[in-house]
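Morning, everyone. I have one structure to show you today. Let me put it on the screen.

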Amino acid sequence: MTKFQAPKGVSEYVPPRSNAFAWVRSTLENTISAAGYQLLELPIFEDTELFTRIGASTDVVSKEMYTFEDRGGRSITLRPEGTVGALRAVSEHGLDRGSLPAKVYYCGPFFRAERPQKGRYRQFYSIGIEAIGTHDAALDAEVIAIADAGFKKLGLTKYRLEMTSLGDAESRAAHRVDLVKFISGLDLDEETKERAKLNPLRLFDDKREEVRTLMTKAPILLDYLSSESKANFAEVQRHLTAMGIAFTINSRMVRGLDYYTGTTFEFVHDLLGAQSGIGGGGRYDGLMGEIGGQDITGIGFGLGLDRALLAVEAEGVVIPETFVSDLFIIPMGEAAKSASLKYAADLRASGFKVELAFGDRALKTAMKTADKSGARFSLVIGDEEIASGVVVVKEMSSGTANSVRLDSLASALMN
Ligand code: HAM
């Protein structure tokens, strides 16, 4: 018989590591919701066109999408990223007609058919926020600060924030003229020239050393910022500095998606090797309009949960125990099983964490399981205890044993 394995390149989490994953996710989620962002629970697949509209020049959209025809003959794509789906939902449900910015977040799996390696998966997990409808440098700074606060809450210290500004339409148009002129003078293959036609900035992101070398003399967008864009970017930097958030300017940063304008940023972790981007994002004037919504701006980020966990592990962060039960009950015999199920359910309803031993194992084996579970207390219950209404509760750390009435177990556990 075939022994099945997970599909190639997916990230999956099983105990005990899944506890650490859940902690990373909830820590970041708590940081985000503390700033007033509200949950969007979004579909994992969308109309293919929603994505093709936004990034023809990118690998993510042109080469890495999981696209298929559904049973109704519609072209469907497993979401490669979250921003456009979030904007689609915000527009569809009119959240952009209320008070602005509309502040939303989402979390879950994303799909990119990349070459798998450590930290790069075909199904990966990300948490993202979007603040839609307001142009304000303070908002840019706050969005960046939320990501930074999340990483700090995870106990990370060995990461850097890199930033640039892609300016407004005027700045980009001026830069594009000179960049296209510069690129036309380079000796490039046809495919690269085609890519450059769609988005000349992509060449800054080329993996090949020879193209990178050619691009070292290329005109830089930061030198073309309009006075308004320049002032806006300076203000973002002032706010970050005032908050004590360190950053460096990376004028050659190119994000893997095409929709960015204005403030653009990436968090890079120093111990993760090739896949060091633990999060990134930026502003996107025009994107909402591009997918049929109002012509309003927005800014957001996506943080990679898989990579954040790898970073936590690489830095040796001690992860708090997510489940330590208060009591481990070992029933001996049928009547005891039935009673234990009831006691466990009642104690859990009162807020205690309780585990049971199952499977009619010998007392010694059951005690070992109780020990391994890390429970604070354990007790053995059989016919005798049911008859007397008294059990011996053992504190696992000290070995101290106390007789406790079965009907006052809850107060014994509180001590
Ligand atoms: P992104 O940088 O493409 O941005 O993805 C966000 C994060 O997801 C990355 O920083 C990285 O940590 C993680 N990630 C991306 N691809 C993979 C992969 N194949 N395996 C593991 N982790 C991965 C976006 O998706 C934008 N939607 C972010 C955004 C929101 N911009 C504005 N709003």
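I'll talk about the ligand and its surroundings, then about a pocket. Keep in mind that this is a predicted model.

Ligand first. Which residues are closest to the ligand? They are Glu-81, Thr-83, Glu-114, Tyr-260 and Gly-277, out of 26 residues that surround the ligand.

Now the contacts. The side chain of Glu-114 has an N or O atom 2.6 Å from a nitrogen atom of the ligand. For Thr-83, a side-chain N or O atom is 2.8 Å from a ligand nitrogen. Tyr-121 uses its backbone: an N or O atom there lies 2.8 Å from a nitrogen atom of the ligand.

How much of the ligand does the protein bury? Taken alone, the ligand exposes 650 Å², and the protein buries 94% of that.

S10 provides the largest share, six residues. By class, the shell holds nine nonpolar, 10 polar and seven charged residues.

Next, the second largest pocket. About 690 Å³ of space lies in it. Its lining has 35 residues. Nearest the centre are Arg-172, Asn-199, Asp-258, Tyr-259 and Tyr-260.

The lining counts 17 nonpolar, nine polar and nine charged residues.

That's my tour. Questions, please.

Technical notes
Residues are numbered from 1 along each chain as its sequence is written. This is a predicted model: local features need pLDDT of at least 70, side-chain atom pairs count only at pLDDT 80 or more; totals for chains, interfaces and linings use all residues. Side-chain values use heavy atoms; hydrogens and water are left out. On a 1 Å grid over the protein atoms alone, a cavity is a set of points where a 1.4 Å probe fits but cannot get out, and a pocket is an open set with protein on both sides within 12 Å along at least five of seven lines; lining residues have an atom within 4 Å of a point. Grid points are joined across faces, edges and corners, and a volume is the space filled by probe spheres set on the points. Ala, Val, Leu, Ile, Met, Phe, Trp, Tyr, Cys and Pro count as nonpolar, Asp, Glu, Lys and Arg as charged, and the others, Gly among them, as polar. A residue is near a molecule or strand if one of its heavy atoms lies within 4 Å of it. A polar contact is a pair of N or O atoms within 3.5 Å; within protein, one must be able to donate a hydrogen and the other to accept it, and residues adjacent in sequence count only if both atoms are side-chain atoms. Accessible areas come from the Shrake-Rupley method with a 1.4 Å probe; for residues, only the protein chains shown count as cover. Helices (H or I, at least four residues) and strands (E, at least two) are DSSP runs, numbered from the N terminus.
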